[in-house]
Amino acid sequence: MDSSTQSILLELLNFSTSKNQKLYVVGGTLRDYLSRKPCTDFDLTGINAAELGTAFSRSLNFTCVPLDNTPGRQTVRVILAPNQHLDFTDLQGRNIEEDLSQRDFTINAMGQLLTDFLAGNRVIIDPNNGQEDLKRRKIRVLQGPIFQSDPLRMLRAFRFAATLSFEIDEETLAKISHHNSALTESAQERIWHELTLFFKTRQTTTLLEVLHSCGILECLFPASNDNFSKTFSQYQRLEALLSEPEKIFPQYADQLSTRNYQNNQYLLKIAILLNRIEQKETT
């Protein structure tokens with residue numbers, strides 16, 4: 001973490017201490033920190049954390065944006081820079097352990113006091129062995145009605161597997177297969193967001209097979225099962241081409257290396273899957 005960010009977090013620690021409120025670093029922030037990845041977005045929770053975050057933003061004249069106004073689970077975002085922010089979410093439950101038990105996967109269900117985080121201490125609140133799964137590079141869902149409470153988490157499992165290059169454990173895959181039809185209950189814009197992040201990853205061919213075997217692909221891109229082998233073959237060739245397009249089309253190397261082209265490659269992958277629907281409708 002750069003010195004500017006650390007300075008702001010120290011200001012936050014002093015501010016929360018003056019209000020006699022504890023803050024915890026949680027979620028993807030702690031996961032990435034433990035994986036030695038750079039952190040630009042910080043997820044924080046605590047009792048009345050959203051209110052604290054709002055007051056902190058005012059004290060330093062930062063922009064504060066409400067993300068969720070639901071009573072008891074309010075979330076605000078404090079924008080530090082164009083690509084850097086702090087998210088404050090009210091603690092879910094009576095304590096941090098109860099809050100963590102309501103999250104999605106073990107690797108996202110760890111917490112650390114902001115004090116320990118800034119001091120570089122390895123005192124991690126980890127009731128679900130998330131650190132072990134992080135070492136094993138496993139996506140494992142928490143116990144309880146995790147997928148029933150938010151079916152989109154099934155798709156998030158694949159997104160995390162793709163972006164982190166992790167594997168989804170067998171028990172989690174079995175639960176996804178059992179609850180796959182509930183995914184269609186999620187808002188379309190949320191589904192699209194997860195799909196975009198998934199397909200923007202360079203290597204998704206193996207996970208596409210798993211999506212199919214779990215029934216998720218059929219929920220999102222319905223078609224007869226006998227079409228999948230052909231679709232998969234097309235998808236596999238496309239992803240191989242997209243990984244090194246300049247070798248196939250050297251005359252267009254400059255155009256193929258532009259950020260705009262690279263950011264929109266995922267649309268070609270989705271187009272192949274959408275073709276499955278068209279084939280089903282025309283048969």
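This is a predicted model: local features need pLDDT of at least 70, side-chain atom pairs count only at pLDDT 80 or more; totals for chains, interfaces and linings use all residues.
Entry 1: I began with the total. The structure holds 14 salt bridges. I looked up some of them one by one.

**Entry 2: Arg73 and Asp68.** I checked this pair for its contact distance. The two side chains meet in a salt bridge, at 3.7 Å from N to O. I then looked up the accessibility of Arg73. Its relative accessible area is 45%, so Arg73 is partly exposed.

**Entry 3: Glu98 and Arg94.** Here the closest N and O atoms are 2.4 Å apart, and the pair forms a salt bridge. I noted the accessibility of each partner. Glu98 has a relative accessible area of 22%, so I logged Glu98 as partly exposed. Arg94 comes out at 71% and counts as exposed.

**Entry 4: Lys138 and Glu167.** Which residue pairs with Lys138 in a salt bridge? I found Glu167, with the closest N and O atoms 3.3 Å apart. Lys138 belongs to strand 7 (residues 138-139) and Glu167 to strand 8 (residues 167-168), so this pair ties together parts 29 residues apart in sequence. Is Lys138 buried or exposed? Its relative accessibility is 18%, which is under the 20% cut-off, so Lys138 counts as buried. Glu167 is exposed, at 51%. The cut-off for exposed is over 50%.

**Entry 5: a network.** I also looked for linked salt bridges. Four residues are joined in one such network: Asp104, Arg156, Arg159 and Glu194.

**Entry 6: background.** Side chains of opposite charge can pair when their charged atoms come close.

Methods:
Residues are numbered from 1 along each chain as its sequence is written. Side-chain values use heavy atoms; hydrogens and water are left out. Buried means under 20% relative accessible area, exposed over 50%, partly exposed in between (1.4 Å probe, protein chains only). Helices (H or I, at least four residues) and strands (E, at least two) are DSSP runs, numbered from the N terminus.
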